[in-house]
Amino acid sequence: MRRLLLLCLLTAAPGAGGCIEPFNGTYVHMDLVGIRSPCEMMLILALTPPEDWRGICPVDGAPGVAPGDGRLVHHYELWGTIARTSVVQLTSFTVQPAAFFDEQLELERQGARLPDGQPFRLAGPSTFDALPESEQAVVKQRMQQAAAVNAISSYSPARFADDGKTLASALYVGNYRELSQPHAGTYFGQVQGPPIGGGASVVGGAVLRFPVALYDLDGLALTIEDEPADRAAARPSGLVVVAGTAEALARGVLNVAAANDKKPEISASFGVYEHLDEESYF
């Protein structure tokens, strides 16, 4: 810690009012393998949701569920076991195709607005219908390629804000030009998967940041949830996708290799960087 403060003093700009406090929370590097949307995972793992769950996945044959609406139904939550006594809710997210062409085209034609109030445009300043046919063909092809990528993104239970026109701030709407800068919502990374279009395998990963220090972490578990992520006295559901035990393989880093009990090919790996305000990694 003394070395970090000395470095701070040496590198501070002349006239600066002070030094930025070191981050004393936790970074988690997360790699997901074989994990798809919550609705798909419930089908793949033959998981039966509790009877009191509000949402019904499209895979259940629910009438009136539009394509792409499944991601508004359920979400994932990451839980940590601390000192073998406490289970702590860490974050929520979802996994979904990185882009829905038909949905984005419909949003544009409906006059949807971005969270900042600007009109939603699928492919740029002009509407898609105003583009030359050659450019429309390019956009369609790239959107199809993007749709094959499973994105780790923010979760929203609704498509629009209260006005019915503005996209909900947490709703992930991917951008085919650069997935990491979506039209709306947050892009954390992508799921590792098979080759797309005959090319190399998709290599994914996400970086999550928590404001609390996860000292005495014993393990991590990923569950599918139905209730709001910010609910009071949150407890995990019984729908566990992967779980694993923490191991200290390197200084300042805990590694968690997590897998599904029935299908080990459904897995995840986590690198938990703790004591960031005390350790010197460079």
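This is a predicted model: local features need pLDDT of at least 70, side-chain atom pairs count only at pLDDT 80 or more; totals for chains, interfaces and linings use all residues.
Strand 9 (residues 217–225) and strand 10 (residues 240–250) run antiparallel and are joined by 5 bridges. Within this pairing, Thr 223 stands opposite Val 240 of strand 10.

The count of disulfides is 1. Cys 39 is bonded to Cys 57, with an S to S distance of 2.1 Å. The torsion about the S-S bond is about -80°, so the disulfide is left-handed. Distant parts of the chain are linked by this pair, 18 residues apart. Cys 39 belongs to helix 2 (residues 38–44), whereas Cys 57 sits in the loop between helix 2 and strand 2 (75–82). Cys 39 has a relative accessible area of 6% and is buried. Cys 57 is also buried, at 2% relative accessibility.

Aromatic pairs number 3 in the structure. In the pair of Tyr 76 and Phe 93, the ring centres are 5.7 Å apart. The ring planes of Tyr 76 and Phe 93 meet at 35°, so the pair is tilted. Tyr 76 lies in strand 2 and Phe 93 in strand 3 (residues 86–97), 17 residues apart. Tyr 76 and Phe 93 are buried.

The structure holds 8 salt bridges. One of them joins Arg 159 to Asp 69, with the closest N and O atoms 2.8 Å apart. Arg 159 lies in the loop between strand 4 (150–153) and strand 5 (187–190), and Asp 69 in the loop between helix 2 and strand 2, so the pair ties together parts that are 90 residues apart in sequence. Arg 159 is buried, at 17% relative accessibility. Asp 69 and Arg 159 also belong to a network of salt bridges with shared partners, together with Arg 71 and Glu 103.

Another salt bridge connects Arg 113 and Asp 163, with a closest N and O separation of 3.2 Å. Arg 113 is in the loop between helix 3 (101–110) and helix 4 (133–147). Asp 163 is in the loop between strand 4 and strand 5, 50 residues apart from Arg 113. Both residues are partly exposed: Arg 113 has a relative accessible area of 31%, and Asp 163 one of 44%. Glu 225 forms a further salt bridge with Arg 231, the closest N and O atoms lying 3.6 Å apart. Glu 225 and Arg 231 are buried.

Note on methods:
Residues are numbered from 1 along each chain as its sequence is written. Side-chain values use heavy atoms; hydrogens and water are left out. A disulfide is a pair of cysteine sulfur atoms within 2.5 Å. Helices (H or I, at least four residues) and strands (E, at least two) are DSSP runs, numbered from the N terminus. Buried means under 20% relative accessible area, exposed over 50%, partly exposed in between (1.4 Å probe, protein chains only). Two strands pair if DSSP finds at least two bridges between them. Rings of Phe, Tyr and Trp (its six-membered ring) pair if their centres lie within 6.5 Å; planes under 30 degrees apart count as stacked, over 60 as edge-to-face and the rest as tilted. A salt bridge is a side-chain nitrogen of Lys or Arg within 4 Å of a carboxyl oxygen of Asp or Glu.
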